[in-house]
Amino acid sequence: MANIEKLHVLKFRNLTDQYLLPNNNINVILGQNGQGKTNFIESIYYLGHGRSFKTKSLKDIIPFDGQQIKISAVVDKQKISINKTRDKSDVLIEEEKITSNSFLSQILPIQVISPDRGFVVGGSPKLKRSYLDWGVFHNNNATLKIYKTYKKTLKNINALLTTGSHIELEGWFTQFANLSVEITNHRISYTEKLRDALERESESKLDSLIKSNDTFYFQIQTGWPKEVNPRSQKQIFEYLLKNKKTFLKTKYLSYGPHRANIEYFLNNKNENHLSRGEQKKMSIVFWLLQVLVLVNNKIKPIILIDDISSELDYNKIKSIINYLTEIDIQIFITDIGNKGLPLNTEKSTIFEIKNGVLEAV
Ligand SMILES: Nc1ncnc2c1ncn2[C@@H]1O[C@H](COP(=O)(O)OP(=O)(O)OP(=O)(O)O)[C@@H](O)[C@H]1O
Ligand SMILES: [Mg+2]
């Protein structure tokens, strides 16, 4: 179970040097606009990913008056620390430098729900794939290698398409077809798990988010056109060969798992026709299902929810908090604090944030 026992934020955006002893269940961070709530959520996310969900550029998160970012934490007795300057990056686990950020995410699986990242329902295909693959990876760490090889293969194919060297392409197409099927199979079996969880939970734990007469549905599009069976290497390979000329013209392979998508429906209404509040609500249902599938797999992720009460009414906030309290995982919720959150006081710690400083209240 992932649990941040101690947190030391030294330098990260507007957050100033501070130690924190989080609650192992619910942590609420209340603060007015611009005090550092999202920055705080982002700093924890950073510890679990070695990168931000808001920006690719380190320069954005280095404090305006500083030269580096520095955060560390004790997670399940292991010390993680991140110290980065513009030209040096030290990411350590138990004082040892790691070679891949995936080591961080194995110790600290994190799910973030933030308007600054965007919601999956109504969101971009890229964001949807990123959430989907988060679940695929945490359910089976071995998939990381497949994704990495896939990415390299795609890069090689695109390079060959750009230079027009079509002789070598066939070999790469074979590898691409194999990896494509592997990824699709992992994604499909994972979405089946999500769907099972949805069926089980929609009448119990999630019932105040999904009303009994609501139907929430999602469907994966594998990134291949309808006439290709995405689980058949042979069909994929043949499709690639048949369309080689077109790809050489466009200089880019526009089919495959890197173009996959998920479509969401609520009561047969496509996600794009839902209100913002409905999109947020259904995104949270989807994320909670991901959490549940992981918890069933004996992995307890940490959940970060930024601005919980924006666009959600009291009952929905209540059922989200109850749900997360019940499955007993560590969560960090931020809020502007004008609605009074339904908290189980025994299981929660409230912090107030002002000018980048958190204080337990
Ligand atoms: N690199 C940085 N160094 C110092 N301060 C920064 C840096 N990046 C952003 N800030 C500042 O941090 C402050 C807090 O930002 P943050 O997004 O965390 O606020 P917030 O509490 O989430 O507000 P809101 O309720 O509006 O979402 C902002 O005033 C922002 O200008
Ligand atoms: Mg914010």
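Predicted model: local features only at pLDDT ≥ 70, side-chain atom pairs only at ≥ 80, totals over all residues.
Which residues are exposed on the other side of helix H5? They are Lys 145, Lys 151, Lys 152, Lys 155, Thr 162 and Thr 163.

**Helix H5**

- H5 covers residues 143-163, which makes 21 residues. From its first C-alpha to its last it reaches 30 Å, close to the 30 Å expected at 1.5 Å a residue.
- Tyr 150, Thr 153, Ile 157 and Leu 161 are the buried residues to look for in H5. Viewed down the helix axis, the buried residues of H5 fall within an arc of 75°, so they line one face of the helix.
- After H5 comes Gly 164, with a positive phi near 80°.

**The shell around ligand 1**

- Ligand 1 is surrounded by 16 residues, and the closest are Asn 14, Asn 33, Lys 37, Thr 38 and Asn 39.
- Helix H1 (37-49) and helix H2 (58-61) each supply at least two residues of this shell. H1 gives the most, with three residues.

**The open sheet S9-S10-S11**

- Three strands form an open sheet in the order S9-S10-S11, and their pairing is antiparallel. Its edge strands are S9 (216-221) and S11, each of which pairs on one side only.
- S9 pairs with strand S10 (residues 261-266) in the antiparallel sense over six bridges.

**Strand S12 and its partners**

- Strand S12 (residues 302-305) is covered on both faces. Ile 302 and Leu 304 are buried on one side, and Ile 303 and Ile 305 are buried on the other.
- Strand S8 (residues 110-113) pairs with S12 in the parallel sense over four bridges. Here Gln 111 has Ile 303 of S12 as its bridge partner.
- S12 also pairs in the parallel sense with strand S13 (residues 331-335), over three bridges. In this pair, Phe 332 of S13 is the bridge partner of Leu 304.

**Loop residues to look at**

- Glu 311 has a phi near 70°, a positive value in a residue other than glycine. Its place is in the loop between S12 and helix H10 (314-326). Glu 311 counts as partly exposed because it has 16 C-beta neighbours inside 10 Å.
- Asn 355 also has a positive phi, near 45°, and is a residue other than glycine. Asn 355 lies in the loop between strand S14 (348-354) and strand S15 (357-360). With 11 other C-beta atoms within 10 Å, Asn 355 is exposed.
- His 273 is found in the loop between strand S11 (269-270) and helix H9 (276-296). His 273 counts as exposed because it has 12 C-beta neighbours inside 10 Å, and exposed residues are those with 12 or fewer.
- The C-alpha atoms of His 273 and Gly 122 are separated by 8.6 Å, although the two residues are 151 residues apart along the chain.

How values were computed: Residues numbered from 1 in each chain as written. Chains lettered and ligands numbered in written order. Expected span 1.5 Å × (residues − 1). Buried ≥ 20, exposed ≤ 12 C-beta atoms within 10 Å, placed from the backbone. Arc of directions from axis to C-beta. Near = placed C-beta within 6 Å. Pairing = 2+ DSSP bridges.
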